[in-house]
Number of protein chains: 2
Amino acid sequence: MAKAPQNAISPTRAEDYPEWYQQVVRAGDLAEPSAVRGCMVIKPWGYALWENMQRVLDGMFKDTGHVNAYFPLFIPLSYLEKEAQHVEGFAKECAVVTHHRLEAGPDGKLVPTGKLEEPLVVRPTSETIIGATYAKWVKSYRDLPILINQWANVVRWELRTRMFLRTTEFLWQEGHTAHATRAEAEEETYKMLDVYATFAQDYMAMPVIRGEKTAGERFPGAVNTYSIEAMMQDRKALQAGTSHFLGQNFSKAQEIKYLSAEGREEFAWTTSWGVSTRLIGALIMTHSDDDGLVLPPRLAPEHIIILPIHRNDEEAGPVLEYCRKLERELKAQQYDGHPVRARLDERDVPRADKKWQHVKRGVPILVEVGPRDIAGDTLMPKRRDQAAGEKKPAIARGEFVATVAAELAAMQKNLYERALALRSENTRVIEKLEDFEAFFTPKDPDKPEMHGGFAICHFVEGPETTEILNKHKVTIRCVPIAAEQGFTEQVAGKCLFTGQPTSTSGVFAKAY
Amino acid sequence: MAKAPQNAISPTRAEDYPEWYQQVVRAGDLAEPSAVRGCMVIKPWGYALWENMQRVLDGMFKDTGHVNAYFPLFIPLSYLEKEAQHVEGFAKECAVVTHHRLEAGPDGKLVPTGKLEEPLVVRPTSETIIGATYAKWVKSYRDLPILINQWANVVRWELRTRMFLRTTEFLWQEGHTAHATRAEAEEETYKMLDVYATFAQDYMAMPVIRGEKTAGERFPGAVNTYSIEAMMQDRKALQAGTSHFLGQNFSKAQEIKYLSAEGREEFAWTTSWGVSTRLIGALIMTHSDDDGLVLPPRLAPEHIIILPIHRNDEEAGPVLEYCRKLERELKAQQYDGHPVRARLDERDVPRADKKWQHVKRGVPILVEVGPRDIAGDTLMPKRRDQAAGEKKPAIARGEFVATVAAELAAMQKNLYERALALRSENTRVIEKLEDFEAFFTPKDPDKPEMHGGFAICHFVEGPETTEILNKHKVTIRCVPIAAEQGFTEQVAGKCLFTGQPTSTSGVFAKAY
């Protein structure tokens, strides 16, 4: 009887997808829970991935004219109250600082003392504190636009947390811009949505749909919210980045006023946009497999790990010498504008453990080097996106080195194409309610997460529509923008839920 | 009657040094106070300076084998209580989160609800939360060393704040390492002290003394604290970075235990080290003058600003064309391993305003370009560290471009030498109490900050010594390490304050 192949991650995706996700995060050395409820420790490998994401995004922000700055962690309670919808959306669950001292109580235990006159909220997002600053900076149209981004930590007191996807504290960037005209602010909103889409597709190898959120899903206080939406391997949607056109809502609440060239007093038009460490969750669920993480080469902290094989000290000398030379040769190659990130792992750890550690961490290429490889001067590199059983002929060392950048590029491309194929296979235009209900009803009641995917349907927002969606735990992800070919139905039709005539169609899915 | 020269900053250093500092921060667009007590807004120019510091330091940390990670912002109260001295030092003034929700009260105003079972402290430093994590990671000697750094924000509820020098929230890096042996942890402590000294001297152009803190000035919970100390222009000392040898104090409090190669259970030896946005305060007070900021070229966000001069549209065309070409030529030059950061400032703002803005921001080189300069193809670049009245002959454009990197390097060197000269002139070996008292007694009672400098004296710690120091508001900055020639008196002597024999001598100063 054939034994089932052993995988590094248990359970597998098919067995228990949510638990598989947690195990991949742990086995991949990305993060772990901390003693503080809902807060995680981002481990060095996970943080190196975030640093790579930051480096690329920061470059894209600067190339589009933005600069970085830093605003306070704390927001006075009264600031939050200024924008009615905003406070409704954000004041509910947040960390509140009420005291500024600790003193030993009667039992010797520390107790908070020094009560603050006005409580401070640990920022859940910074529109209010940044807007108050812009109000001081902006006097004339010459002071506009302001194009600022901030890299920061934020806190939202989430009830149910999941590492990277939803944590009490998370890391993010938040862009906040102010403009003299509506048109310019809208253009900024679209521009940053495109920056996010480009980053997701070209760096994360993750196809996304750019679209507008419906009224019910808007950022609290925004006129319009745009997002990029990606399909995970369980066919659920994940919102990976948002760009908000705030109109004059915040500038009116905070008095960001300027004197126009014509001498009139006007309110500025503002935007905000952000992505967070949630992107790491998206990356994991887009590419990883039952052996753990699979990382797109453009973002992987390491590209190639060289694993020496030697049974005794006599063999070790020449093997290590050969490996060091190989490491130098690989590092001298350029990929994606940087030297190839190759490393020889010489640690005194059993070889199989070492190998599986790198597999689980998603290193794009592993190459084992033993006396037989050296004798032939040929190698058997293993690409992380290719099946474990897939045998490829040995390759001459020189050729491997010369083609390594092309190989990394091929892997980057393959990951994107694989993810795109999954999305294409699981996206359907649906015109009848019974088809919609069938699409979102799990085939296997034990695996509620395995079903449907993305449905493209004509719709009109309203209570009837909401009721049906709630029943199936389905949400409107977005109304794709015109450029999203294949997702935008410009033709007239009728609402799947109410029968009302409409030419608006949206993407529907179960979502994170 | 000769009119006094006009300066961009009022008051000048001689008139009112502390107020001059605040004005330089504001006029230089570095930061401004926020609505939140003691928290500042770091403006784009100030943050760009911090980014440059981060980039260099981060590279130095990685070159010495460290990786980055991220730990929670919040620390459970019980964690702080584990190390007795540590809690004594840090629990006093800190931000305490006691609630996780806001709800509208009877008057409609938001009030904190959802009281936490255990209050959370916003990290003032992270030894306890990071140590608790290391305790989970370390099992065997093979898991050591752990060499991790974190870039983060921290909060200390300071009573009196001053931008960059002492703020409630500040940005910093904190390295936390764990080792199998005492010797290795001590070596790490010294190594990072040296990294800080190298950064201060080579990048900030700020001479520093490396030394050991006395018992009274140690980090709460440390066995030994080492610091780098710099002299500001008012001759006060500023502690610019610290490196702590924590011995086994924290590993015992948090049970960071490992099984040695010999199979014995041992406690790890730990260190921590940090520098913060306070470095920006140090940079300002080391180099700036009565016209505002002066930035060392290696850290300046911009190296050269080109200011076009044209009286009408007819002149504008050829002037701007010439300036754009000059900008391209300058950017094609390399300085310090990067392209020269040159920028043409074409803004429609009065020329004198633009020029003074860049002077106050400390841009190393300004060059104005008008029709007459173009006619001769010669320029009159102005270096920020050279006196305003200092006339230099015009230089051919080609020569200016070809020598610009050398000019920036010369400015970097000049700033260091100027600061070193100030320190040398104001450092004295003092052997008699009356000389010590005279040294630290201001000549002008209206300017308490203008006096003395660094005194090198033999001393023994104790109540008598402390009393005299308190009387004069003087502190022992450090006992310089052996390598600090000129500051280490290895000879036997006697304590200046008590007459006791000792061969220990320290650096004494008024301090920030």
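In chain B of this predicted model, helix α2 (residues 44-63) and helix α8 (residues 278-287) have axes that come within 10 Å and cross at roughly 110°. With angles of 65 to 115 degrees counted as roughly perpendicular, α2(B) is therefore roughly perpendicular to α8(B). On the side of α2(B), the contact involves B:G46, B:L49, B:W50, B:M53 and B:L57, which meet B:L279, B:I280 and B:L283 of α8(B). By class, this contact has 7 nonpolar residues, 1 polar residue and no charged residues.

Chain B also contains an open sheet of 11 strands with mixed pairing, in the order β3-β7-β8-β14-β11-β10-β9-β25-β28-β24-β23. The edges are formed by β3 (67-68) and β23 (427-429) of chain B; each has a single partner strand, so one side of each is left without a neighbour in the sheet. Within the sheet, strand β9 (residues 209-212) and strand β25 (residues 475-480) of chain B run antiparallel and are joined by 2 bridges. B:E212 has B:V479 in β25(B) as its bridge partner. Helix α12 (residues 397-425) of chain B lies across β9, β10 (224-231), β23 and β24 (454-458) of chain B. The helix runs at about 35° to the edge strand β23(B).

Attention now turns to chain A. In chain A, helix α2 (residues 44-63) packs with helix α6 (residues 182-203), their axes coming within 11 Å and crossing at roughly 145°. The crossing of α2(A) and α6(A) is right-handed. From α2(A), the residues making the contact are A:M53, A:V56, A:L57, A:M60 and A:F61, while α6(A) supplies A:M192, A:V195, A:Y196, A:T198, A:F199 and A:Y203. This contact of α2(A) with α6(A) has 10 nonpolar residues, 1 polar residue and no charged residues.

A further pair in chain A consists of helix α9 (residues 313-331) and helix α12 (residues 397-425), which pack at an angle of about 30° with their axes 10 Å apart. The angle makes α9(A) roughly parallel to α12(A). Here too α9(A) passes α12(A) in a right-handed crossing. A:Y322, A:K325, A:L326, A:E329 and A:L330 of α9(A) meet A:R397, A:F400, A:V401 and A:V404 of α12(A). The residues of this contact divide into 6 nonpolar, no polar and 3 charged.

As to confidence, chain A averages a pLDDT of 94, and 97% of the residues score at least 70. The model scores ipTM 0.96 and pTM 0.96.

Definitions and conventions: Residues are numbered from 1 along each chain as its sequence is written. Chains are lettered from A and ligands numbered from 1 in the order in which they are written. This is a predicted model: local features need pLDDT of at least 70, side-chain atom pairs count only at pLDDT 80 or more; totals for chains, interfaces and linings use all residues. Side-chain values use heavy atoms; hydrogens and water are left out. Axes are lines fitted to C-alpha atoms, for helices over the stretch in contact, and angles run from 0 to 180 degrees between N-to-C directions. Helices (H or I, at least four residues) and strands (E, at least two) are DSSP runs, numbered from the N terminus. Angles under 35 degrees count as roughly parallel, over 145 as roughly antiparallel, 65 to 115 as roughly perpendicular and the rest as oblique. Contact means heavy atoms within 4.5 Å. Ala, Val, Leu, Ile, Met, Phe, Trp, Tyr, Cys and Pro count as nonpolar, Asp, Glu, Lys and Arg as charged, and the others, Gly among them, as polar. Two strands pair if DSSP finds at least two bridges between them. pLDDT is the predictor's confidence in each residue, from 0 to 100. A crossing is left-handed if the near helix is turned anticlockwise from the far one by less than a right angle, and right-handed if clockwise.
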